[in-house]
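Subject: Structure handover

Hello,

Please find the structure below. My notes on what was found in it follow.

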Amino acid sequence: MTQSVPVRAMMENRPRPRFSSLIGRRTAHLAIDLQVGFLERGAPFEVAAARAIVPAVNRVSAALRAAGGLNIFLRYTIDPDEPQRWTSYQELMPAAQRALSAEAFRRGAPTHALWPELDVGAGDLVMDKTRLSAFIPGTCDAQAVLAARGIDTLIISGCLTDGCCESTARDAAQMSYRVFFPEDGNASWSEEGHQATLRTMSRMAFADVSPVDEMLALMAGTRDGA
């Protein structure tokens with residue numbers, strides 16, 4: 001206990017963790033779960049704040065596309081035929097919520113589709129994932145694609161800040177990706193949950209937590225060969 005106070009003070013008072021460069025051609029933007037089932041007014045799992053981040057997400061997508069990077073739009077998916085079933089999560093979820101989620105996020109459901117106001121270009125990728133994180137083996141193809149393209153840096157946006165976005169960022173950081181987590185490019189059901197995750201991402205050095213404008217300025221100011 002005697003060591004906890006100075007260690008805590010050191011972590012709380014240290015400068016915000018920042019990366020010194022952002023090289024577009026080595027970066028992928030993971031836009032997470034920006035689907036009709038989360039963004040549409042009155043949708044079963046509506047995240048009202050997520051509609052407001054779409055312009056910022058689109059700016060990231062456009063800038064990275066122009067810089068030679070990669071945009072991947074991920075969709076939360078419930079697959080009843082998945083061989084690798086997530087039984088523990090389903091066991092903890094109330095039956096009514098399980099049924100609602102299974103219907104809303106099954107492939108082919110209108111609510112499973114990406115939000116129509118997203119800027120999805122011809123060269124961008126759309127992938128399904130059946131876990132909160134995009135990096136659980138056997139549940140999403142993102143890691144294989146990133147490895148094949150030599151990607152070492154990620155910008156993670158979407159919803160929920162404290163759900164799929166945080167889960168993906170934590171896993172990515174521990175896999176040695178350089179993670180940028182735009183504070184105005186993520187959204188959750190509550191501001192409290194959103195802010196708590198931003199603090200955790202920064203304090204524990206999982207990610208560089210900054211506004212989208214700062215990230216894009218860093219990318220514009222980084223020499224491509226750096």
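I start with a loop residue. Ser-176 lies in the loop between helix 7 and strand 5; helices (H or I, at least four residues) and strands (E, at least two) are DSSP runs, numbered from the N terminus. Phi of Ser-176 is near 75°, which is positive although the residue is not glycine. At 63% relative accessibility, Ser-176 counts as exposed; buried means under 20% relative accessible area, exposed over 50%, and partly exposed in between (1.4 Å probe, protein chains only).

A note on the source: this is a predicted model, in which local features need pLDDT of at least 70 and side-chain atom pairs count only at pLDDT 80 or more, while totals for chains, interfaces and linings use all residues. Residues are numbered from 1 along each chain as its sequence is written, and side-chain values use heavy atoms, with hydrogens and water left out.

Backbone, continued

Ala-205 also has a positive phi in a residue other than glycine, near 60°. Ala-205 sits in the loop between helix 8 and helix 9 and is partly exposed, at 47% relative accessibility. The peptide bond from Cys-159 to Leu-160 is cis, with omega near 0°. Leu-160 is in the loop between strand 4 and helix 7. For context, most residues other than glycine have a negative phi, and most peptide bonds are trans.

Cysteines

The structure holds zero disulfides, a disulfide being a pair of cysteine sulfur atoms within 2.5 Å. Cys-159 is in none, and its nearest cysteine sulfur, that of Cys-165, is 6.4 Å away. That separation is too far for a bond. Cys-159 is buried, with a relative accessible area of 1%, and Cys-165 is buried at 0%.

Annotated region

The UniProt record, an unreviewed entry, carries the annotation "domain: Isochorismatase-like" over residues 27–210. UniProt positions are given in the numbering used here, feature names are shortened, and annotations may be inferred rather than shown by experiment. Over residues 27–210 the chain is 40% helix and 16% strand, and the end C-alpha atoms are 16 Å apart.

Cores

The largest nonpolar core has 28 residues. A nonpolar core here is a set of buried Ala, Val, Leu, Ile, Met, Phe, Trp, Tyr and Cys residues joined through side-chain atoms within 4.5 Å. The residues with the most contacts inside this core are Leu-30, Ile-72, Leu-74, Leu-146, Leu-154, Ile-156 and Phe-181. At least two residues each come from strand 1 (27–32), strand 2 (70–76), helix 6, strand 4, helix 7 (161–174) and helix 8 (191–203). Helix 7 gives the most, with four residues. A second, separate core of 22 residues includes Val-36, Val-57, Phe-105 and Trp-115.

Leu-154 touches, among others, Ala-28, Leu-30, Phe-135, Leu-146 and Ala-172, not counting residues up to four places away in sequence. Contact means heavy atoms within 4.5 Å.

Helix 9

Which residues of helix 9 (residues 212–221) are buried? They are Val-212, Met-215, Leu-216, Leu-218 and Met-219. These residues cover an arc of only 155° around the axis, which puts them on the same side of helix 9; the arc is that of the directions from the helix axis to the C-beta atoms. On the other side of helix 9, Asp-213, Ala-220 and Gly-221 are exposed. The buried residues pack against helix 3 (48–66), strand 4 (153–159) and strand 5 (178–180).

Ser-133 is in the loop between strand 3 (125–129) and helix 6 (142–148). Ser-133 is buried, with a relative accessible area of 4%. Its side chain makes a polar contact with the side chain of Asp-171 at 2.7 Å and reaches the backbone nitrogen of Phe-135 at 3.0 Å. A polar contact is a pair of N or O atoms within 3.5 Å; within protein, one must be able to donate a hydrogen and the other to accept it, and residues adjacent in sequence count only if both atoms are side-chain atoms. Leaving out residues up to four places away in sequence, Ser-133 touches Ser-167, Thr-168 and Asp-171.

Pro-80 lies in the loop between strand 2 and helix 4 (87–92) and is exposed, with a relative accessible area of 59%. Pro-80 and Arg-106 are 26 residues apart in sequence and 8.3 Å apart in space, C-alpha to C-alpha.

Regards
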